[in-house]
Amino acid sequence: MSHHAPAQPLTVSARGALRGRITVPGDKSISHRSLMLSALAVGESRIEGLLEGEDVLATAAAMRAMGATIERDADGVWRVHGVGVGGLLQPAQALDMGNSGTSTRLLMGLVASHPITATFVGDASLSGRPMGRVIEPLARMGADVTASPGGKLPLMLRGISPAVPITYTLPVASAQVKSAILLAGLNTPGITRVIEPVPTRDHSERMLAGFGAALSVEDTAEGKVIAIRGEAELRPQAIVVPGDPSSAAFWLVAASVVPGSDIVVGNVGLNPTRTGLITALRMMGADITEEDARIVGGEPVADLRVRHAPLRAIEVPADLAPSMIDEYPVLFVAAAFAEGRTVARGAHELRVKESDRIATMAAALGACGVAVEEHEDGMTVTGSGGEAIPGGATIASKLDHRIAMSMTVAALHARRPVTIDDAAPVATSYPTFFASLDALTGGAPA
Ligand code: S3P
């Protein structure tokens with residue numbers, strides 16, 4: 001079974017205004033897909049700006065275990081020699097997915113249409129998350145899955161070749177489910193279709209097309225119809241991974257709520273399927289401006305200047321949910337400093353992330369003296385009107401990187417220190433988070 005790092009308790013105190021400039025590391029979603037698609041191309045791909053977090057390294061290890069050659073040069077560029085679509089080898093050991101739902105669900109899709117069997121294991125958080133949402137469509141394509149009770153990890157997936165192409169309407173708004181089916185379709189004869197009633201992040205579509213897959217996207221009355229023709233060859237690529245807006249999110253909120261702050265967060269990916277938090281923060285009155293807008297790796301990117309601004313409560317539009325799904329924890333932190341009651345509904349998916357992010361954030365903010373009301377599909381947060389929150393509590397991060405980082409941000413404007421019971425999970429997605437915090441606050445206080 002998967003082991004995770006020993007718990008790393010961390011106490012965070014207010015440090016005054018955030019100032020200066022940092023850049024955010026590579027996008028996690030794009031980094032996973034860069035490794036997977038490069039590992040299926042024929043020839044050598046180069047990846048610049050890959051996120052070197054534990055989740056992405058789990059994907060790299062799994063692709064190596066299935067035959068790809070993946071190396072990191074001294075200058076931080078990754079080189080991948082792929083095996084070709086259809087060429088994945090049976091891994092000799094269980095694939096250890098650590099904390100990473102994206103690795104697990106997307107790789108299940110890849111394995112499903114290869115004549116190989118793989119066992120997937122993960123940490124306690126990942127082993128509690130639902131895999132039925134991918135098992136069901138992949139079984140329709142012919143894969144055979146033996147999962148733990150409740151459709152959980154550990155599970156064994158026996159792929160099949162040729163698999164059967166399907167047309168599948170997503171019952172939940174999930175880019176992971178969409179991507180698992182499209183990746184399975186890559187080695188399936190004929191046309192595999194996913195119908196997406198609610199748009200989710202479209203990195204798989206953009207990148208599959210970029211690697212030369214025959215993929216089309218059409219807007220219809222039922223939603224977006226994504227069709228992939230299987231058994232195409234992928235061409236190796238030179239990829240530049242843009243910075244992760246989900247990592248930038250913590251600084252956008254921190255600088256907005258800590259008085260006197262004025263920062264620039266460089267290299268932020270602004271794919272419109274990812275920018276819901278920026279929309280919500282601007283509705284609340286945040287002062288965020290885009291500088292040097294450009295295209296990196298086929299994605300819109302800009303540097304974001306963020307200055308402290310008084311925030312007011314909003315009713316968070318439910319249709320923003322897919323484009324800010326990973327940012328709700330830190331949005332709840334922003335709401336804790338706004339004037340009035342912020343209501344967020346329609347975000348039921350938060351219950352099945354690395355932790356139950358509604359329950360975990362309600363408990364953590366509540367312990368820090370913030371008035372919160374938990375809903376089945378969201379939360380109501382009564383803000384401080386810009387004042388520091390009480391703090392002075394120990395909160396549980398529940399093996400969830402985004403809880404640890406969100407509550408670090410909350411602690412930056414709290415009257416008393418906040419202890420995160422375990423900050424180790426931050427390494428899954430943002431290994432340089434605390435170094436950037438030090439850089440923006442003039443170093444760690446004594
Ligand atoms: C991701 C999709 C989202 C998101 C996750 C990354 C992806 O998950 O929460 O962090 O890379 O496709 P769901 O598809 O479960 O919503």
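1. Start with the contacts. Among those in the chain between residues at least 6 apart in sequence, 77% join residues at least 24 apart. Keep in mind that this is a predicted model.

2. Next, the secondary structure and overall form. The chain holds 12 helices and 25 strands. Its radius of gyration is 21 Å, close to the 22 Å that the globule rule gives for 446 residues, so the chain is as compact as a globular protein of that length. The C-alpha trace spans about 60 × 45 × 45 Å along its principal axes.

3. Now burial and surface. Of the 446 residues, 59% count as buried. The chain exposes about 15600 Å². Carbon and sulfur atoms supply 52% of that area.

4. On charge, the chain has 37 positive and 46 negative charges. Their mean positions are 1 Å apart.

5. How many of the 12 residues of α3 are buried? The count is 12 of the 12, so α3 is largely enclosed by the rest of the structure. Buried here means under 20% relative accessible area. Among the buried residues are Gly 101, Arg 105, Met 108 and Ala 112.

6. What covers the buried residues of α3? The cover includes the helices α1 (28–38), α2 (54–65), α4 (132–140) and α5 (175–186). Strands β7 (117–121) and β9 (152–158) also contribute.

Notes: Residues are numbered from 1 along each chain as its sequence is written. This is a predicted model: local features need pLDDT of at least 70, side-chain atom pairs count only at pLDDT 80 or more; totals for chains, interfaces and linings use all residues. Side-chain values use heavy atoms; hydrogens and water are left out. Helices (H or I, at least four residues) and strands (E, at least two) are DSSP runs, numbered from the N terminus. The radius of gyration is taken over C-alpha atoms; the globule rule is 2.2 Å times the number of residues to the power 0.38. Buried means under 20% relative accessible area, exposed over 50%, partly exposed in between (1.4 Å probe, protein chains only). Contact means heavy atoms within 4.5 Å. Accessible areas come from the Shrake-Rupley method with a 1.4 Å probe; for residues, only the protein chains shown count as cover. Lys and Arg count as positive and Asp and Glu as negative; His and the chain ends are not counted. The place of a charge is taken as NZ of Lys, CZ of Arg, CG of Asp or CD of Glu.
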